Protein chains: 4
Amino acid sequence: MSLMFLIYKKNGLLFSLGVYILREQNNRGGTNMKMIGDFIQTGDWKGEKHVPVIHMPENAKAGEQFKVKVSIGDAVGHPNTLEHHIVWFKIFFHGEGSKFPVEVANLNFSAHGEDDIFTDPVGEANITTDKPGTIYAISYCNIHGLWEDVIEVK
Amino acid sequence: MSLMFLIYKKNGLLFSLGVYILREQNNRGGTNMKMIGDFIQTGDWKGEKHVPVIHMPENAKAGEQFKVKVSIGDAVGHPNTLEHHIVWFKIFFHGEGSKFPVEVANLNFSAHGEDDIFTDPVGEANITTDKPGTIYAISYCNIHGLWEDVIEVK
Amino acid sequence: MSLMFLIYKKNGLLFSLGVYILREQNNRGGTNMKMIGDFIQTGDWKGEKHVPVIHMPENAKAGEQFKVKVSIGDAVGHPNTLEHHIVWFKIFFHGEGSKFPVEVANLNFSAHGEDDIFTDPVGEANITTDKPGTIYAISYCNIHGLWEDVIEVK
Amino acid sequence: MSLMFLIYKKNGLLFSLGVYILREQNNRGGTNMKMIGDFIQTGDWKGEKHVPVIHMPENAKAGEQFKVKVSIGDAVGHPNTLEHHIVWFKIFFHGEGSKFPVEVANLNFSAHGEDDIFTDPVGEANITTDKPGTIYAISYCNIHGLWEDVIEVK
């Protein structure tokens, strides 16, 4: 989407001189509208309870089946009530060199106190991929929206 | 739904004399129509690859969180192709003495060869319940329909 | 599942003398356990607000695409709050002579007051089928469980 | 996320000199990794068959219930086969001045030829919102990934 000529980077600031290709107009003609991706937040799960955490076995690698576990609130617990809870995780895989990500799993945590039953927001998916790439976990909190984590598969 | 006076049971046959309350008419007036529950099959997972298998820790009990794992094809592997695959599991819990079951989790296995990525139909849910009851796992195969397993929580 | 010799039917009671094949044992060995289908309720939507209502165009027929609309609470409104709401509809089609039903759509109504947004439990699916059969709509209320409606496609 | 000093814009190219705040590091420390939002594409649905199209009644407005219809391939039809199909739509609403978007509906089109049954990727949601805002529709094609449309509610 952008070509840029980097000049200087310091303390998280990037001084640049460049030429940019603007975001393509969507079919509503709005270039200033936020897109949904602008709302998918991330951060350090050690301090932010909404960030999903992808757990992969150390020896996970392309060409062999491995298990991805996704949890949330590992350091700071997230509430699990009717009023405030994690609704779902989605897991995507983007193969190195591929153009598009593929949805791997969609996990919904459905019970938040009904008849005193609770589902903890922890999920897993057993994946086989022939190529290295990147795993994305997206979580949705009914109050605080969309969050993501990302990890590489060698 | 039925009152019956049992007389004799032998080899899986039940000889009975009784009075039955017919299935309540649905709002379409059809008493002979099959209902969706009539299509939810079960069987012995050792011989039938479509039956989901609920795995619970031996010491799982009401009042403490426990993990339910659901797999399928434990004895006889199920295909995982675009043409023929397990699409989802649903997990329900029915509390002892409760009138209705509560959905605990809804797990979708989304990749069946797209970009050479495959999701194996294995899922888990971490559950907390205050009372004993019954866990149901339902699976859906895009070709062979709906199947279920059931297990008790003490 | 059962062979029965009918003797007399009156006012919704069926007096019978018969021989029955018991429900096949599931892999847990429990013949007395309820199965999930036993919890899928139906009734007359004019009096029961939980029964989903399938709306089909009068001229819907196999071989042409048609639209199925599913609503709920048509006569008696259903609450839509965090504490009590319709979570999802599933729609299945069972082709005449086919052994298994096929899932057509899975519709989740996700907002129940978050940021003052509400999704009404109404859904639709545009279906094409080559053969006549039966459409099933299943609904799930987080408090009152599973309900169904059924209608034939000629 | 970025401060920039614009100099010149022409033909979709933006010549700029500026200072940028880099994307915050995620908890994996990767500043160069793509995030999932980078894969959510958009475009003009008149030429691109993957862009979902949100249809709203002209008089839809905050404070009254209105129906959102989402379709795809309105100008250029999208295939509906086991190998290549639209799997789901998600609909979100972001209230003006709100910090997070709320999921309104999650619609899965499940049949792509099984037993000769097909579900067309068309969905709807009946929404009530107290405030103006923005509706997002996200679609997922099993081959070509994630796409979005966006429209404002006054």
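How many residues does the contact take from chain D and from chain C? The contact takes 32 residues from chain D and 32 residues from chain C, where contact means heavy atoms within 4.5 Å. The model is predicted, so local features need pLDDT of at least 70 and side-chain atom pairs count only at pLDDT 80 or more, while totals for chains, interfaces and linings use all residues. Residues are numbered from 1 along each chain as its sequence is written, chains are lettered from A and ligands numbered from 1 in the order in which they are written, and side-chain values use heavy atoms, with hydrogens and water left out.

Chain A has zero helices and ten strands; here helices (H or I, at least four residues) and strands (E, at least two) are DSSP runs, numbered from the N terminus. Of the 154 residues in chain A, 53% are buried; buried means under 20% relative accessible area, exposed means over 50%, and partly exposed lies in between (1.4 Å probe, protein chains only). Among the contacts in chain A with a separation of 6 or more, 53% come from residues 24 or more positions apart.

The strands of chain A also take part in a sheet with a strand of chain B. This open sheet has four strands in the order β3(A)-β4(A)-β8(A)-β7(B), and the pairing is antiparallel; two strands pair if DSSP finds at least two bridges between them. At the edges stand β3 (52-55) of chain A and β7 (117-120) of chain B, each of which pairs on one side only. Neighbouring strands of this sheet are turned by 30° against each other on average, direction ignored; the axes are lines fitted to C-alpha atoms, for helices over the stretch in contact, and angles run from 0 to 180 degrees between N-to-C directions. Within the sheet, β3(A) and strand β4 (residues 66-72) of chain A run antiparallel and are joined by four bridges. One example is A:Pro52, whose bridge partner in β4(A) is A:Ile72.

Chains C and D can now be viewed together.

Charged pairs complete the picture. Side chains of opposite charge can pair when their charged atoms come close. The whole structure holds 20 salt bridges over all chains, a salt bridge being a side-chain nitrogen of Lys or Arg within 4 Å of a carboxyl oxygen of Asp or Glu. Two salt bridges are found across the interface of chain D and chain C. C:Asp115 forms a salt bridge with D:Lys131, with the closest N and O atoms 2.8 Å apart.

Other salt bridges lie within a chain. C:Glu124 pairs with C:Lys67, the closest N and O atoms being 3.3 Å apart. C:Glu124 lies in strand β8 of chain C and C:Lys67 in strand β4 (residues 66-72) of chain C, so this pair ties together parts that are 57 residues apart in sequence. C:Glu124 counts as buried at 5% relative accessibility, whereas C:Lys67 counts as partly exposed at 40%. In chain D, a salt bridge joins D:Glu103 and D:Lys90, with the closest N and O atoms 2.8 Å apart. D:Glu103 is in strand β6 (residues 102-109) of chain D and D:Lys90 in strand β5 (residues 86-95) of chain D, so the pair ties together parts 13 residues apart in sequence. D:Glu103 counts as buried at 3% relative accessibility, and D:Lys90 is buried with a relative accessible area of 3%.
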